[in-house]
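Hi,

Here's the structure I promised to pass along. Have a look, and then read on for what turned up.

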Amino acid sequence: MPPLEDETFPSTPGKFKIERSHTMNRQLYRCFASTSTMFLWALFLIALTASYLSFQGFVDSGSRYLSASWGGIQWEKQVRTSAQIHRQGGMSVLVTGAAGFVGSHVSLALKRRGDGVVGLDNFNDYYDPSLKKARKSLLNTHEVFIVEGDVNDAKLLAKLFDVVAFTHVMHLAAQAGVRYAMENPQSYVHSNIAGLVTLLETCKSANPQPAIVWASSSSVYGLNEKVPFSESDRTDQPASLYAATKKAGEEITHTYNHIYGLSITGLRFFTVYGPWGRPDMAYFSFTRNILQGKPITVYRGKNRVDLARDFTYIDDIVKGCVGSLDTAGKSTGSGGKKRGPAPYRIFNLGNTSPVTVPTLVSILERHLKVKAKRNIVDMPGNGDVPFTHANISSARAELGYKPTTDLQTGLKKFVKWYLSYYGYNHGKPVN
């Protein structure tokens, strides 16, 4: 068998010898020329592809940066400006749920007295987001900047604490509502448990650690039949998933207080109502339906007993929130390590004067000058409880909490706001 290198040439010797040499040179040249060309084209295509991918990555990252709802020099400037303190001995407060009912009122009260306030809200659609946007606009006129973002966003929270050394956190962001938990239970775990833990993780690692005041709920009393409800009463029988997540929040905050030295105050709100309220609340939906001539559903308890609530006007709740911030002791940890015991407190914030739901409807009828079409039905097993009644002796003693607005006065203020906000004139919508 001939050697491998000879197989490409003619096998006849003599006259083909010179021609064979020339042929070999030409073929080698063509081969090398072709290989070089292909190699150059390959290099060109590789370089072109790399350039495209690099450019595309740059465009994508730029797009993400430009479309982000937070971050950047201008954003940081807005956060710092909003957080500036304008009174001696003031505080810098991060208010979560700032575009919500209680959050907007608390933010405004703090800003008006000279505290620094930065809001955080995700503007979800649990109820009409336009109402939240209107609250945001109101706060903007008082130079309160609200960051649009979720309390579960750990990077956003870390960035906020990197920009501002908050002295206090007012945590009001939550998934509210008892009955909605039967439709969307995951939203309660996401907001009320996971969101709370994400916030606490950020606060424990902050230096200095802020003092935290957060919204629990009177719902934690669940099936408790002892009245009035006191902070020392048992709270291990929740009647709804919403109540269970708030009870879980109390246990979680106690853990972070114990392990990391976070100063924590939990507030158990009792049926808050007033201007800029939540449309899913009974007094709000009753007002809307009465004005529209639609029937309202009024629930009653066992043995035809009227349901009763400890309705608490928003201004009184705000006083309790601000009082809790003012009296909150300092956190004792640093960099996630506890240096000593820190305060852990829980307070009821209520009115101490329960009113039946039929009485609530009668008051609305007087203020609206319209008779309600009542549909009386037995209370379904949807997580609601037959009554609430707050013992506020602890809040009165430690916070100086003194509710001053009765239901008659509070609903009059709410109706005035409602008619103005929704464009009613003498009980009729203005076109």
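This is a predicted model: local features need pLDDT of at least 70, side-chain atom pairs count only at pLDDT 80 or more; totals for chains, interfaces and linings use all residues.

Let's start with strand 2. Six of its six residues are buried, so strand 2 is largely enclosed by the rest of the structure. Gly116, Val118 and Leu120 point one way, while Val117, Gly119 and Asp121 point the other way, and all are buried.

Strand 2 has parallel partners. With strand 1 it pairs over five bridges, and one of these links Gly116 to Ser92. To get from strand 1 to strand 2, the chain goes through helix 3 (residues 101-112), in a right-handed β-α-β crossover.

Strand 3 also runs parallel to strand 2, joined by four bridges. Here Val118 has Phe145 as its bridge partner. The chain passes from strand 2 through helix 4 (residues 129-141) to strand 3, and that β-α-β crossover is right-handed too.

Now for helix 5, residues 154-163. Which of its residues are buried? They are Leu156, Leu157, Leu160, Phe161 and Val163. These cover an arc of only 160° around the axis, which puts them on the same side of helix 5. Lys155 and Asp162, on the other side, are exposed. The cover over the buried residues includes strand 1, strand 2, strand 3 and strand 4 (168-171), along with helix 2 (73-83) and helix 6 (185-205).

Cheers

How values were computed: Residues are numbered from 1 along each chain as its sequence is written. Side-chain values use heavy atoms; hydrogens and water are left out. Buried means under 20% relative accessible area, exposed over 50%, partly exposed in between (1.4 Å probe, protein chains only). Helices (H or I, at least four residues) and strands (E, at least two) are DSSP runs, numbered from the N terminus. The arc is that of the directions from the helix axis to the C-beta atoms. Contact means heavy atoms within 4.5 Å. Two strands pair if DSSP finds at least two bridges between them. A crossover is right-handed if, with the strands pointing away from the viewer, the path from the first strand over the helix to the second runs clockwise.
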